[in-house]
Amino acid sequence: MYQLIIVDDEEELREGLSSCFPWQAHGFVVAGTFGDCRSAVAFCLEHPVDVVLSDIRMPFQSGFDLIQTLKDQGKTPLFCIMSAYSEFTYAQQALRLGVEDYLVKPASFDDIAATMGKLKAKLDGKPTLPGEETETTVDNPMISRAISIIRRKTGSCSLQSVAGELSISQSYLSRLFKETMGSTFQNYLLQTRMRQAADMLRSGQKYTNKEIATALGYQDTQNFCRTFRRYWNTTPQQFKKRAVHSGK
């Protein structure tokens, strides 16, 4: 198990996160929780710590001060920011400091689990394989957050809505997404929708094409079916029959 500490001046939040999230199921043990950066630094200097999950705005020192202090002391845990503030300047500073991910409060269990999967994979030294979920391997905090939004709001998100949630322009998000992912935002959104459609068809539930189309943001069921066929080279019905037959 990897050792993780939580640093946040909100006692209720850090204690709740420490006790409610299934850390061990994701390969981590919470070695300590701290309400200020000084206590966290003192602990890290005396104990092995693999991951630091920290807020930004705290009394006396910020989460960024914590990261810089530990680096100056030769400590190299992986850092993750979890903050209620989503300003782009914070994300930029986090990127400069080598922060692995940037979670926006209130972060869902799915978001935290995806981040922990990314951090564990890095600690394990596992390479990224083609076709693996990209949100667990993206190094750019802004794009990691964009991908998290796409996955949580697949049926309702767009370039405009995601850029608005991140407080950046559509053109900047589009360019940054292409530079980071090697794919356009629209292509990634399409890929996500088609994979989720496949998961729904493989689930064993009796979803109709209309139900899947609606869940994924398609107002026209026929448009969804045509898109699915172009992407998977088969119809939804044929895909479901093959999945049932193969047991996958």
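Colleague: Is the crossing of α6 and α9 left-handed or right-handed?

Modeller: The crossing of α6 and α9 is right-handed. A crossing is called right-handed if the near helix is turned clockwise from the far one by less than a right angle, and left-handed if anticlockwise. First, the ground rules. This is a predicted model, so local features need pLDDT of at least 70 and side-chain atom pairs count only at pLDDT 80 or more, while totals for chains, interfaces and linings use all residues. Residues are numbered from 1 along each chain as its sequence is written, and side-chain values use heavy atoms, with hydrogens and water left out.

Now the geometry. Helix α9 covers residues 185–202, and its axis comes within 10 Å of the α6 axis, crossing at roughly 40 degrees. Axes here are lines fitted to C-alpha atoms, for helices over the stretch in contact, and angles run from 0 to 180 degrees between N-to-C directions. The pair α6 and α9 is therefore oblique. Under 35 degrees would count as roughly parallel, over 145 as roughly antiparallel, 65 to 115 as roughly perpendicular, and the rest is oblique. Helices are DSSP runs of H or I with at least four residues, strands are runs of E with at least two, and both are numbered from the N terminus.

Next, the residues. On the α6 side, I147, I150 and R151 meet F185, Y188, L189, T192 and Q196 of α9. Contact means heavy atoms within 4.5 Å. By class, this contact has five nonpolar, two polar and one charged residues. Ala, Val, Leu, Ile, Met, Phe, Trp, Tyr, Cys and Pro count as nonpolar, Asp, Glu, Lys and Arg as charged, and the others, Gly among them, as polar.

Helix α6 (residues 141–152) has another partner, α8 (residues 170–181). Their axes are 10 Å apart and the angle is about 100 degrees. Helices α6 and α8 are therefore roughly perpendicular. M142, I143, A146, I147 and I150 of α6 meet L173, L176, F177, T180 and M181 of α8. The α6–α8 contact counts nine nonpolar residues, one polar and no charged ones. I147 and I150 are named in the contact with α8 and also in that with α9.

What about the cores? The largest nonpolar core has 22 residues, and I5, V52 and L66 touch the most other members. Its suppliers of at least two residues each include β1 (2–7), α2 (37–46), α3 (63–72) and β4 (78–83). The largest share, five residues, is from α2. A second, separate core holds 18 residues, among them I143, I150, A163 and F185. A nonpolar core is a set of buried Ala, Val, Leu, Ile, Met, Phe, Trp, Tyr and Cys residues joined through side-chain atoms within 4.5 Å. Buried means under 20% relative accessible area, exposed over 50%, partly exposed in between, with a 1.4 Å probe on protein chains only.

Leaving aside neighbours within four places in sequence, L66 is in contact with V7, C37, A40, V41, V52 and S54. S54 sits in strand β3 (residues 51–54). S54 is buried, at 2% relative accessibility.

Finally, the whole chain. It has 12 helices and five strands. Of its 248 residues, 42% count as buried.
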